[in-house]
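Here's a friendly walk through one protein model. Have a look at the picture, then we'll go through it piece by piece.

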Amino acid sequence: MIYEKASDVVLDDVFLRLPGFLSAGEVFLKLEGLNPAGSVKLKTAVALVESMERDGTLRPGSPVIESSSGNLGVALSVVCAAKGYPLTVVTDPNASRHSLRVMRSLSTEVVEVTTRDAQGGFLNTRITYIHRRLAEDPTLVWLNQYANPAGVRAHRDRTAASVHKGLGTVDALFVGAGTTGTLMGCVEYFAEHSPGTRVVAVDAVGSVTFGGPAAPRFIPGLGTSRRPELFTDGGGFEKLLVAEPDTVAMCRRVAETYGLLVGGSTGTVLAAVQQLAPTLAPGSRVAVISPDMGDKYIDTVYSDAWVAERYTGIPELAGLGPTATSSR
């Protein structure tokens, strides 16, 4: 198959079954990391840019700015390099060094803020920096992944639809909540096309999106210290929080058991499946959105030294029990 642009190389029909993950059901990972940007965010990046091209906000050569913990920054670097938009990505110390190097290799200006916000995260600090840059340069365009509905539409029409097409009717769909574009798109699609599918939104302990208390987090991908404007909770899905040590333990379990390095978000969502396994009917077919692969987490989630430094005072990871909390 021949493509014209790197951003066109989105393989939306790749699923990996995880034999034995559930004792009485099947789990299918939708692998979103098999594209030139390495994550589900390539679809988001294309949608954000094209929506602003259509409405005339983006013109040839317009400078672009966005906040990202890593994956969207890489995806936008791919898209903007090909389209000729100078790009600035505002990130923070939780972003992987691998992702930052990739962005810079694609000629992106990377700004790393280091001051935590009042909620213990970095998101508000990143947004504040963007507003300052916008005030200084009126030609600068902020794509605003946290509020731009183009991201939701992309995942409704592509990601969710491809799950339904590839797997048929699934009993449960587990989706991570970061900016919540993927989540909201999936909720919209399945409410219309497969209302019997149980949708579970998964976030990290310490994120404020579901209304819980803020706390420092170290694994990028899921979680926010500022509730995204895209997120609406109409009661059509369940919500579950997973502690970061459980994320690490699950990532390592998948690597050891299935020979697959998954990213932190995938480990978090799979930990949620494990936590809710007793509530799944025998024979359930479960789909899990896997946003990226684990290569960029080698120095973090898969590093014993990094884990020991951040998660002190806990049992050895191999002996951890589930510490997730759930709400309807």
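A quick word on terms: two strands count as paired if DSSP finds at least two bridges between them. Strands are DSSP runs of E with at least two residues, helices are runs of H or I with at least four, and the numbering starts at the N terminus.

Before going on, note that this is a predicted model, where local features need pLDDT of at least 70 and side-chain atom pairs count only at pLDDT 80 or more, while totals for chains, interfaces and linings use all residues. Residues are numbered from 1 along each chain as its sequence is written, and side-chain values use heavy atoms, with hydrogens and water left out.

What order do the strands of the open sheet come in? There are four, in the order β5-β4-β3-β6, with parallel pairing. β5 and β6 (141–142) are the edge strands, as each pairs on one side only.

One example is Val89, whose bridge partner in β5 is Val110.

## Helices on the sheet

Follow the chain from β4 through helix α3 (residues 97–105) to β5 and you've traced a right-handed β-α-β unit. Right-handed here means that, with the strands pointing away from you, the path from the first strand over the helix to the second runs clockwise.

α3 lies across β4 and β5, at about 145 degrees to β5. Helix α4 (residues 123–136) lies across β3, β4, β5 and β6, and runs at about 165 degrees to β3. These angles, from 0 to 180 degrees, are taken between N-to-C directions, using axes fitted to C-alpha atoms (for helices, over the stretch in contact).

## Helix against helix

Now for α1 (residues 41–54) and α2 (residues 71–83): their axes come within 8 Å and cross at roughly 50 degrees. Contact means heavy atoms within 4.5 Å.

α2 also packs against α3, at an angle of about 15 degrees and with the axes 9 Å apart. So α2 is roughly parallel to α3. This crossing is left-handed, and Gly73, Val74 and Ser77 in α2 meet Ser99, Val102 and Met103 in α3.

## Another helix pair

Further along, the axes of α5 (residues 150–167) and α6 (residues 181–193) come within 7 Å and cross at roughly 55 degrees. That makes α5 oblique to α6. The crossing of α5 and α6 is right-handed. The residues in contact include Gly151 and His155 of α5, and Gly181 and Tyr189 of α6.

Conventions: Angles under 35 degrees count as roughly parallel, over 145 as roughly antiparallel, 65 to 115 as roughly perpendicular and the rest as oblique. A crossing is left-handed if the near helix is turned anticlockwise from the far one by less than a right angle, and right-handed if clockwise.
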